[in-house]
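Please open the model in your viewer, with the chains coloured separately, and follow the stops below in order. Each stop says what to select and what is to be found there.

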Amino acid sequence: MKMNLKPAYRYQFMSLLKGTAVFYLIMIVIVTAFLAVTINFGGSSSMTFGGYAFAAAVYLFVAGIVYIRSDLRLCLQFGVSRRTAFLSEILSFLSISAILAVAGELVTALVRVAASGNPNIFVLDFYQIVYLGAEKVLPSFGHQAMSFLTNVAMFFCACTVGAFFSLMFWRLNKFWTIVVAISIPFAINGLPYLLIKLGVDFSRFFAWIASSPFCFILTCLVIAAAAVVIDWLLLRRANIKAAKN
Amino acid sequence: MSIEIKNITKCFGDVCALDDVTLSFGGEKIYGLLGNNGAGKSTLLGILTDLLHPTGGTVTVDGEAVSNNDTALGKVFLVAEQNLFPEDMSVKKAFGAAQIFSAAFDRAYAEKLAAKFGLNTKKKIKSLSTGYASIFRLIIGLSVNTPYLLLDEPVLGLDAQHRDMFYRLLLEKYAEKPCTIVISTHLIAEAAELIEHAVIIRDGRIIRDCPSSELTASAYSVSGPAGLVDSYLEGKHILTSNTLGGLKTACVQGQSDALPAGLEFSGVKLQDYFISLMEEEDRK
Amino acid sequence: MTFQEERPIFLQLAEQLEDGILSGAYPEGSQVPSITEYSVTYKINPATALKGINLLVDTGLLYKKRGLGMFVAEGAKEKLKAGRREKFLADYIEKLVREAKNLGLGASELSEMIKRGFEDVD
C-alpha cells in the first residue's frame, strides 16, 4: 500500500484537538459564567445564549490557515507524501468539525439542564435563528440533530476555506499577494453592488438557503469541495521551504 | 536497493539549478555530495524527498518512483539545512511526533544523544541557536533508522567539539546499523576520510562520480625547480600550478610515471584535488 | 596517531599496526581494535580501516576469528622483522646515503656517525 495515512492523521488530528480543546474550554467557561449570572441575578428578564456556532466557525477558519502549511512541512520531513498529508488533513478537519458540532449540541443540552425550571433562558444559535424562526424555545432532539448537521457543514467549510487562503498566499509571489490583498475589500464591497446593478438577485439565493437547512448544507459542501480541489492544485507542485522565522 | 536519479533537471524560472543529473546512491555506503555553495546540492536533496518538483527526469527509491509514494518517501530521511518542524514545538514533542510517524524511531537513543550534546529537550525549536537547531535535526536523523539518510551541511553552526562528536556518532551508528548515507557539504577536508564514494557537483552538473580512493589516486602533485617541472609537465593534463620564487608546484591529472631526478612527487588530498578541479573548471 | 599529509590513510593505519606488533604493544595472540573502533576513533570510513587491516591479513600477520574480531598471528613479529629488514635498505639506507652525499659526507664519515648513533640512542 503506497499510502500511509494513519500516522499523519493521528498527528494532525491530535494537534488540532489540543487547540480545539482550549477553545471549547473557554466556551464552557463563558457559558457557565453566563448561566451563573443569569440564574442568580437575572430575575425575570429573559436571556439568550448564542454565538457558539459563529465562534467555532471563526476558530476553525483560523485553524485551517494555521495548520495546513506546518502540518504539510512536518509530514514531508517524515516521509509522508503531499497527497497523504493533504488527505489526512481533510479528514482531520472533518473529524474536528464533527466533534465541535457535537460539543456545541452538548452546550445547548447543558444550558437546558441548568436552566430547567427557569423559563427565561434560551439558546439562540445559528440554526435556531435561521431555521426555527428565532423562536425562544429550547430546541428538541430532532432540531439538535439538524443543528449538528448544519454546523458540521459550516465548520468543515470554514476549515477548507481557511486552508485555501493560507495556500493561496503561499503560492503567490510578492506582487500578486499585494494585488489580491488589496482587491479583497473591493471584491467584497464592489462585486455584489456590480452584480445587483447587472440584475443578479441575491435575495432569491439567500431565501433559497433559508428555506431549508439542507440547502445551506449543500451550499457549504459545494464551497468546501471547491476549496479542497483548489487547495490540492495549489500544493501539489509547490516548492516546500521552511517557515520564515 | 538504491536511489536512482535519472536525468534530473530543475529550473526556477530562467535559472537552472540542476542540469541533467544522473546518479545512484546505494550499497550502504557513505557518499559525499561535494560542491561549493549554490552548486545545486540542496536542490538535489530536496528533489529526492519530494520537497521540490523536478522540471524533468525521474527519481526512484528501491525501484519505486518517489512522487506521492509514502513507501518510497518513508525510506529516506533528510536532515535539511532548514527547519521543517513547527517552530513552537518543543524538542520533546518533536521526538513524540517522530515516534508517531516512524516506527523505527529510537526515542531512548535520541534522548541519550540530546543529553550528550547538552540539548535541553524542553526548549522550543524556535528558541534554539543555529548550532543547536542543527544538532536537534541531526539527532532525529541519527535516530530514525531509515535505509537512506541524507545530511545537508550537517555541521553548519556546530562548534569544533560538537562536530567531532557528530562524526563519531555517525560512524558508530553506521557501524551498528549500516545504511546508505549521503553527506552533502562544502567542507571537503572534513568529509574526505568519512566518505567512500565522492560525487562532485558544480553549477548543477556532476563533474566527478567515483570512489573517493579513485579520485585521489587520479591525480598527483609534482614540485621542484621551475624549469625542470615545466619540461616534465609537457603534454600532461595540468589542473593547477603555483610558482614561488624558483620553485614550482603543479597538480597533475593522471598517474605519475618515471620520476626524473630533482622533482618531488606526492599524493593529493581530496580538498586540494577539489580546489584544483574547481580552478580548472573556472578557466574553461 | 595523527595522519600525515598525503599518504593514504589505510597505509598509515597498516603501518601503525605493524609498529604495534613489532614493539609488543599488540602481542601475538592478542586482539587488535575492531574496524568500528578504528573508524570511530580516527573518524575514517570503516572501508578504509578494513582496507588497512586486510593488508596485514593478506601478509599473514593478522587473522580473523569468526564473531570475535582480528587477532595477531603467531610468529607475526618475526615475520615483520624479516620483511622490514629487507625493506630497510630501500626505506632508510638509500635515503641516508643520498642525503649524506647531498651534504658532502663520505662513506667513512657516515660510518662514524652511525657508530655514534648506536652509542647515543638507547
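Begin with chains A and C together: they do not touch, and their nearest C-alpha atoms are 27 Å apart, where contact means heavy atoms within 4.5 Å. Of the two pairs of chains that are in contact, chains A and B share the most contacts. Before going further, note that this is a predicted model, in which local features need pLDDT of at least 70 and side-chain atom pairs count only at pLDDT 80 or more, while totals for chains, interfaces and linings use all residues. Residues are numbered from 1 along each chain as its sequence is written, chains are lettered from A and ligands numbered from 1 in the order in which they are written, and side-chain values use heavy atoms, with hydrogens and water left out.

Next, select helix H1 (residues 5-41) of chain A and helix H3 (residues 91-101) of chain B, which pack at an angle of about 150° with their axes 8 Å apart. Helices (H or I, at least four residues) and strands (E, at least two) are DSSP runs, numbered from the N terminus; axes are lines fitted to C-alpha atoms, for helices over the stretch in contact, and angles run from 0 to 180 degrees between N-to-C directions. The angle makes H1(A) roughly antiparallel to H3(B), a term used for angles over 145 degrees. Where the two helices meet, A:Pro7, A:Ala8, A:Arg10 and A:Tyr11 are on the H1(A) side, and B:Ala97, B:Ile100 and B:Phe101 are on the H3(B) side.

In chain B, pick out the four strands that form an open antiparallel sheet in the order E12-E13-E11-E14; two strands pair if DSSP finds at least two bridges between them. Its edge strands, each pairing on one side only, are E12 (237-244) and E14 (264-266) of chain B. Seven bridges join strand E11 (residues 219-225) to the antiparallel strand E13 (residues 247-253) of chain B, and one to display is that from B:Ala219 to B:Gln253 in E13(B). Helix H10 (residues 270-283) of chain B lies across E11, E12 and E13, running at about 105° to E12(B).

Around B:Phe166, the residues touched include B:Phe117, B:Leu138 and B:Leu158.

Finally, go to C:Lys43, in the loop between helix H2 (35-42) and helix H3 (46-58) of chain C. C:Lys43 has a positive phi of about 55° although it is not a glycine, and C:Lys43 is partly exposed, with a relative accessible area of 27%.

Terms used:
Buried means under 20% relative accessible area, exposed over 50%, partly exposed in between (1.4 Å probe, protein chains only). Angles under 35 degrees count as roughly parallel, over 145 as roughly antiparallel, 65 to 115 as roughly perpendicular and the rest as oblique. Lists of a residue's contacts leave out its neighbours within four places in sequence.
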